Amino acid sequence: MNRKYAKELLLLLGIILFCAIMARHLAGHETLEDYAKLHPSEIPAENASSYATSTGSTVDNAQMSASSSSTGQVNSSVTNSTETPFDIDVYDTRVTYSEGFYYEEIPDSIVSKITDVSYPKDCPFSLDELRYCSVLYVDFDGEEQSGELICNKAIADDIMEIFYELYDNDYQIESIKLVDEFDADDEASMEANNTSCFNYRPIGNGKKLSKHSQGLAIDINPLYNPQIKYKNGATVIAPSGGEKYADRNADFPYKIDKDDLAYKLFKEHGFSWGGNWNSSKDYQHFEKKK
Ligand SMILES: [Zn+2]
């Protein structure tokens, strides 16, 4: 080898060696192996992303951080909720927003409960589109209660954020049960002042499907916030018992109007309100386009 090149090669090797020593020194003598031992919580992200690929889901594998709840913002970053990363059930689809607030793919026990009740066997919408939501709320006695809703997966994050804010502000709701508890009878659920979301049904007795059919609409305290329709000069109010709350200029509790917190929150989240409709009024109803 040419002596001139040998000298330059030696110089190059010297620089590489110097850089390697400096790099190790700057990293606090920490090797990648040391880093892995010190940061075991960062390992499951790989497991989670491989699960996301296998299910085609990009959101449901994520655990929402409870610590973010005070801001009302959903943090969909992957966090490790267990001591060891290997305890994570990769098939668990639960997304937790805060303690008592979570959603997940419809569990088998709920599938059997709703099939042929709110979810007909020939329903054109897949169950994969829906999410089972668990929320906390404050009832009319001021007591904390646990409620359940089924909604479209497109609005599951909205439901978490809105219901957390309502709960946090002591907004009173009388009941939050699946409409299946009322045999999927909307009138019975409304008469019981039950707040609900998914129910595969046409609007009234017509053929057009309600947004509730895809879990994209929700009714809040429906007895106090009735539907008012005008047919052939007659006024039709639903549910039965809601007549005394049809005058929206009157003062009574649980009334949804533009000063109401639920109205403000649903509006902020891009929902439209049935109280703003022209041809009829549906003061309990909020819906969102996918
Ligand atoms: Zn409705």
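Among contacts between residues at least 6 apart in sequence, what percentage join residues at least 24 apart?

1. The answer for this protein is 58%. Keep in mind that this is a predicted model. The chain has 290 residues, and 32% of them count as buried. As for secondary structure, you get seven helices and 12 strands.

2. Now the core. The largest nonpolar core holds 44 residues, and the members that touch the most others are Cys-133, Leu-149, Ile-150, Cys-151, Ile-159, Met-160 and Phe-163. Two or more residues each come from strand 1 (95-98), strand 2 (101-105), strand 3 (130-138), strand 4 (144-152), helix 5 (156-168), strand 7 and helix 7 (261-268). Helix 5 gives the largest share of this core, with eight residues. As background, nonpolar side chains tend to be buried together in soluble globular proteins.

3. Helix 5 deserves a look of its own. Its 13 residues reach 18 Å from first C-alpha to last, close to the 18 Å expected at 1.5 Å a residue. Because 10 of those 13 residues are buried, helix 5 is largely enclosed by the rest of the structure. The buried set is Ala-156, Asp-158, Ile-159, Met-160, Glu-161, Ile-162, Phe-163, Tyr-164, Leu-166 and Tyr-167, so defined by having 20 or more other C-beta atoms within 10 Å. Note that Asp-158 and Glu-161 are on that list.

4. What do the buried residues of helix 5 pack against? Their partners are strand 1, strand 2, strand 3, strand 4 and helix 7. Just after the helix, Asp-170 takes a positive phi of about 55°.

5. Last, a hairpin. Strand 8 (residues 227-231) pairs with strand 9 (residues 234-238) in the antiparallel sense, over five bridges. Lys-231 has Ala-234 in strand 9 as its bridge partner. Two residues lie between the strands of this hairpin, and Asn-232 takes a positive phi near 50°.

Conventions. Residues are numbered from 1 along each chain as its sequence is written. This is a predicted model: local features need pLDDT of at least 70, side-chain atom pairs count only at pLDDT 80 or more; totals for chains, interfaces and linings use all residues. Two strands pair if DSSP finds at least two bridges between them. Helices (H or I, at least four residues) and strands (E, at least two) are DSSP runs, numbered from the N terminus. A residue is buried if 20 or more other C-beta atoms lie within 10 Å of its own, exposed if 12 or fewer, and partly exposed in between; C-beta atoms are placed from the backbone. Two residues are in contact if their C-beta atoms, placed from the backbone, lie within 7 Å. A nonpolar core is a set of buried Ala, Val, Leu, Ile, Met, Phe, Trp, Tyr and Cys residues joined through C-beta atoms within 7 Å. The expected span of a helix is 1.5 Å times one less than its number of residues.
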